[in-house]
Amino acid sequence: MDSQLHLDASYDEDKKKTWKQTILLSFQIVGIVYGQLSTAPLYVFGTMQEGDLLSEEVVYELFSFIFWTLTIISLIKYASIVLKADDEGEGGTVALYSLLCRNAKVGLLPCDSTNEVMLYEERSCSKMKTDSRARRAIEKHKICHYLILFLALFGSCMTIGDAVLTPALSVYSASSGVQRSLTDILDDIYASSPNTQQSVTKALKRYVPVPSACVILVGLFMLQNCGTRKIGIMFAPIIAVWLLFAAAVGTYNIFYWDVKIICKISPIYIYKFIKNIDLTRWRLLGSVILCVAGSEAMFADLGHFSKKSIKITFICLIYPLLLLCYAGQAAYMSKNLIAPEFNHLSQSIPRGCRHLFIVLSLLSSAVGSQATITACFSIINQCLALNCFPRVKVIHTSKTIHGQIYIPDVNWLLMIFSLTVVLAFRDLVKIGNATGLAIICGMLVTTSLMSLIIALYWEKNLMVSACFLVCFGFLEVAYLSACLLQFHKGAWYLVVLLVVSMTIMLSWHYGTVKKYEFDLQNKVPTEWLIDISPGLGISRVPGIGFIYTDIVAGIPAFFSHFITNLPAFHQVLILVSFKYIPVPYVPESERYLIGRIGPKDYKIYRCIVRSGYCDHIRDTGDFEENIIRSIGEFISIEQNDIESMVSPDETMIVVGNSGLDGNALVALDEVESCMVNNESQISPVDETLESSSGGNKRKKVRFMLPENSPKMQVSVRKELLELIEARESGSAYFLGQSHLVVRGGSNYLKRFLIMVYRFSEKNCRESPVALKIPHAALVEVGMVCTI
């Protein structure tokens, strides 16, 4: 009985702890995920032309559109349906593409199909219960594979475009409120002098909004290196206060101006709007869609938080407070149609609260931009794993949350483009048109990919998938058509951003695939390296040679070229390959695949490092040590693997979860208190590698054999000691530098893509820097790839 009471008490305590954690996450979400959605009232009505709002009936109809758009897209589509399509806790366009790659085999990325590399194929195949006609059709037709990849890249480009436009829109809208506040103050001062009042007003309108917006934007992007956690902690209270303030003002306006505004959510007003539709009224929908700006972040930032916390925050806080704000603004507008600039949110604020509103709007507008900037960093980091974006430096700002990153190069480019938008357009309406187009295009991509997820991953009836596509797609296509009507009024800038970003992504992907295909076609069999050694009198020099290559079978062409001209290689040779697997994260215990090439006397190993699209392992400081430790573990367990001993082929073994209990190499910093009787067991590492990010020196790692090493088999002990000795002697790193050259007579598109790829390759982060390879130990071998 007592034990039962104890279990019940423990269960209640865990339940309370879970709820406390959920509530804490729900608060943090406000400043990171819902910043853009919460600041949308600043510019939804403000991006509409005043001449288009001629009657209170039009205001009621637009408010009804806002209510149902928020309900259908944000509440039903994202909060209720799309959030369920997570990829092991990760969300976003790349996560949907990853699910499709595993469950429909539509991937086009350069990855080997060997069972060893694609360990997760077995897991994904178990989910494929039925071989449906839709799956067979998609897998059969290559055009479907290209279309799905294009959709994923297109959605990524829309996220980048949104990260450029949303900061400019929200900050410029708030700075316009500063200008109006200053105008009100100076109007009271120069009330007796109309001419002076008019000239001052014109000067403020010309010189205040743009400079103040630029200053805020520069400060916002300079703040990014602080990290998502610090920014989120700082911004969450600001957004919470902003929402409560906006909702309170909205409630006041409802009771003061028009209590019946609540009844205007009726779909009858949508019917009236469509019944009297014309081009002018249809264009207004391009501004209405801005009310759901930031809904995509609910799914894209899923990896940072939990589904429960995201839903609770939206349903209990964001959704009702936003409706109160929009209702209050519509109530004010319906009764003040003749007032100047009546459609801007600042005008609906009671005069005594306007200065407080200006302060809050400036702070919240910067916060609202944070969601899109963070999402842009995440999507580019995922594209790096897909080989669809040039190499850039990625800085992890949190040790516990993998998704919190900062990309300096991208950050400054976003700042430059955002400043360009503000300086070039100087018009809230034009910036809003481009932003609306980016938002709706991104939502259409999610709808299209989700319909495939429903059919291929959830294995629902095709009618269910078709209903999802038609219901949400029809609404979003309607908004898309409204945004396209404003193409000549600012929306064209998004197309420019799309062309630039898509060209970079496609050219990098195309160039990477072509280089990989060239390596596959020109690789030499492993027997070549074994057979050629005695014939050419190849010398073995002390140390370890790391050969970085994309192929996982055979010897890369650049290394065979090196051996042919310089017949010597190191005492221990390790061929290292990085392989992307379409999952968010690969556990440490399943990350390294180790195999042996040739007889044991040659001491040639192959190491395949598998990573997910959210993993970041290539430039970690202890990466080389992890490979050495994994090979030591492989040597220790190889004797017990009968299949690898008798198999004539190169067999890979997963290391990291073998339970050796210290029967392999051990880093000295982990066993400093152990007594070592044999001095030859300790291996000091003389080399010191410098970090590419800050110039800090890497710690020295010394390997040794465990205390029970005398009980090892003689051959295992000997090979481990030889590995330690080679490690003592130092390391060299071999990289192939493939230069793409287009064959004569190739078409213009191919030449253009290769030209862009070569330009990006010269100006992006170099491979040795990305891998933290010391310059003194680097050996680069040039190859010309004719395609």
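This is a short tour of a predicted model, stop by stop.

**Before you start**

Residues are numbered from 1 along each chain as its sequence is written. Because the model is predicted, local features need pLDDT of at least 70 and side-chain atom pairs count only at pLDDT 80 or more, while totals for chains, interfaces and linings use all residues; side-chain values use heavy atoms, with hydrogens and water left out.

**The whole protein**

Show everything as a cartoon. The protein has 27 helices and twelve strands. Both are DSSP runs numbered from the N terminus: helices are H or I with at least four residues, strands are E with at least two. Of the 787 residues, 57% are buried. Buried means under 20% relative accessible area, exposed means over 50%, and partly exposed lies in between (1.4 Å probe, protein chains only). Take the contacts (heavy atoms within 4.5 Å). Among those between residues at least 6 apart in sequence, 83% join residues at least 24 apart.

**Stop 1: helix α3**

Select residues 56–81, which form helix α3, and find Thr69 there. Thr69 counts as buried because its relative accessibility is 2%. Leave out residues up to four places away in sequence, and Thr69 touches Ser74, Val288, Ile289, Cys291, Val292 and Tyr479.

**Stop 2: aromatic rings**

Next, colour Phe, Tyr and Trp. The structure holds 25 aromatic pairs. Rings of Phe, Tyr and Trp (its six-membered ring) pair if their centres lie within 6.5 Å; planes under 30 degrees apart count as stacked, over 60 as edge-to-face and the rest as tilted.

Select Phe67 and Trp68. Their pair is edge-to-face, with 5.0 Å centre to centre and 85° between the planes. Phe67 counts as buried at 12% relative accessibility. Trp68, at 28%, counts as partly exposed.

Now select Phe377 and Tyr406. Their ring centres are 5.9 Å apart and their planes stand at 80°, so this pair is edge-to-face. Phe377 lies in helix α16 (residues 354–385) and Tyr406 in strand β2 (residues 405–406), so the pair ties together parts that are 29 residues apart in sequence. Phe377 and Tyr406 are buried.

Move on to Tyr252, Tyr256, Trp257 and Tyr332, which form one aromatic cluster.

**Stop 3: charges over rings**

Select Lys264 and Tyr60. Lys264 lies over the face of Tyr60, 4.7 Å from the ring centre. Then pick Lys272, whose charged end sits over the ring of Tyr269, 4.8 Å from its centre. The rule for a charge over a ring is NZ of Lys or CZ of Arg within 6 Å of the ring centre and within 35 degrees of the ring normal.

**Stop 4: helix α9**

Select residues 209–222. Helix α9 has 14 residues and reaches 20 Å from its first C-alpha to its last, close to the 20 Å expected at 1.5 Å a residue. The expected span is 1.5 Å times one less than the number of residues.

Which residues of α9 are buried? They are Pro209, Val210, Ala213, Cys214, Leu217, Leu220 and Phe221. They cover an arc of only 130° around the axis, which puts them on the same side of α9. That arc is taken from the directions from the helix axis to the C-beta atoms. Val215 and Met222 are exposed on the other side of α9.

**Stop 5: paired strands**

Finish at strand β11, residues 731–741. Five bridges join β11 to strand β3 (residues 539–548), and the two run parallel. Strands pair if DSSP finds at least two bridges between them. Look for Gly545, which stands opposite Ala732 in β11.
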